[in-house]
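Hi everyone, thanks for coming. Let me walk you through a structure that may be new to you, starting with its aromatic rings.

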Amino acid sequence: MAAIKKFFEKKRVEAKFKLAGKAHRLDEEKPSVSAPASKSGAISPRPPTATDETRRAAEAALTRVNATKSAGAPKSAIKRQVEKELEIERKALEEAQHLKELCAPPREVKVDTAPVLSVNGVRFRCPVVSDESLPRAAMEQRIEQFLYDQALEEPLLASAVMLHTFNRKQQERLQQCIETLKRYMDNVLEHPGEEKYRRIRIQNKAYQERVACCRGRDEVLNAAGFEMKRMAGPEGNEEDFWVMSEEHCDPEKIQTVLEILQDAQPLVPELDRATQIFRPSDRASQFSLPDEFYNINIDDLRRDHQRRVEATEKAGMLRTKAMRERDETLEKRRYNYTLIRVRFPDGLILQCVFGVREAVTKLFEFVRECLQADWMPFSLITAAGEKLSAEDSNTLVDRSLAPAVVLNFRWDEDVARDVLLHHGSAENTGFLKPELLSSIQSLS
């Protein structure tokens with residue numbers, strides 16, 4: 001285990017130097033940010049376009065009104081008739097707009113009934129591999145290439161990490177593979193002089209069911225000293241075998257492979273928090289989220305539409321606890337990520353991206369890492385006034401903090417009072433670190 005830690009610690013140190021980049025002074029002049037356009041210059045939304053049906057309805061209404069006028073009808077009757085026809089047209093437009101919204105994919109979330117604001121996509125990092133921030137698929141490819149490159153320098157370590165990384169999503173299958181590989185190598189250690197224990201028949205049922213299904217097994221066997229060869233099988237036909245020659249039978253190396261197989265950990269893409277700091281703004285509750293935030297496809301949309309149609313029926317019936325829990329579960333499955341904005345008492349806004357199944361405790365840890373006074377206890381409060389706990393192990397989606405939310409930051413009142421007595425100010429003590437403030441932006 002110590003060898004694995006040493007190997008990856010070396011890679012992390014190299015990555016940190018790359019991440020440092022060019023130095024900057026804190027008092028450097030920064031390009032000015034243009035002020036957002038005034039509200040008076042905003043473009044008002046276009047009214048919905050009338051359909052053929054609504055136009056025909058309006059024309060028919062006008063015809064009837066003219067006919068009524070010619071018949072000498074009272075003005076009050078004419079007015080009522082016009083109002084009735086206009087109401088029919090308005091309802092037709094509303095129904096058309098509602099149907100359009102039902103058929104559209106969910107791309108926006110509105111918090112506190114605010115308008116929308118664009119947000120960038122979801123990216124991932126792996127500091128051991130690269131200092132880049134990439135989409136998940138690209139980062140997975142980068143990790144794979146890194147491991148193959150490292151296998152040329154450190155085959156024992158890299159092959160074990162490769163096996164764990166490539167098969168991390170099938171843990172039961174991975175453990176079966178590792179146990180079988182360990183059994184092969186234990187047999188060699190116990191009977192180093194017997195050739196039959198230094199051969200593994202590829203077509204063997206146990207190998208096919210337990211080992212062949214896992215990527216990275218060839219690299220592990222090669223690192224241990226096995227080589228692929230064609231030999232006569234049990235029935236005399238040539239077959240593929242993994243063979244360890246007597247000269248390559250190194251008990252010390254085999255024992256090292258066994259230890260590393262047990263202790264190795266996978267290289268996993270880490271969600272890039274996409275940390276941003278914004279100046280005080282009344283647009284903090286405006287969001288427009290990318291498609292990656294949603295776990296939904298066209299079939300889900302059809303089912304969602306059907307649920308909307310059934311909503312009125314549900315409203316008129318007594319629903320059981322199981323029915324409510326089922327609907328809540330379906331709602332939670334709609335989201336992959338959540339955009340969180342933490343608003344501080346001075347108005348500054350800390351923005352970050354989290355996976356919806358990450359715990360609330362992870363959010364508190366992240367916010368603490370951004371604070372100048374990271375020793376002071378604090379609270380995060382929802383718009384509804386709910387106070388979140390730093391010890392809450394529930395997921396963000398379980399706490400209804402997806403797909404986007406604004407939380408208010410507050411220092412612990414007792415500690416803030418003590419700081420006020422000793423330092424004369426608690427409100428402006430230890431908010432965000434200077435290095436974060438150096439990249440502050442304006443919401444636009």
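This structure holds 12 aromatic pairs, where rings of Phe, Tyr and Trp (its six-membered ring) pair if their centres lie within 6.5 Å; planes under 30 degrees apart count as stacked, over 60 as edge-to-face and the rest as tilted. One of them joins F409 and W411, edge-to-face, with 4.9 Å from centre to centre and 80° between the planes. Both residues, F409 and W411, are buried, meaning under 20% relative accessible area, with exposed over 50% and partly exposed in between (1.4 Å probe, protein chains only).

W411 also meets F431: the centres are 6.0 Å apart and the planes at 5°, so this pair is stacked. W411 lies in strand 14 (residues 404–411) and F431 in the loop between helix 13 (413–423) and helix 14 (434–437), so the pair ties together parts 20 residues apart in sequence. Helices (H or I, at least four residues) and strands (E, at least two) are DSSP runs, numbered from the N terminus. F431 is buried as well. F344, F364, F378, F409, W411 and F431 form one aromatic cluster.

A quick word on the source: this is a predicted model, where local features need pLDDT of at least 70 and side-chain atom pairs count only at pLDDT 80 or more, while totals for chains, interfaces and linings use all residues. Residues are numbered from 1 along each chain as its sequence is written, and side-chain values use heavy atoms, leaving out hydrogens and water.

Finally, which ring does the charged end of R273 sit over? That of F354, 3.6 Å from the ring centre; the cut-offs are NZ of Lys or CZ of Arg within 6 Å of the ring centre and within 35 degrees of the ring normal.
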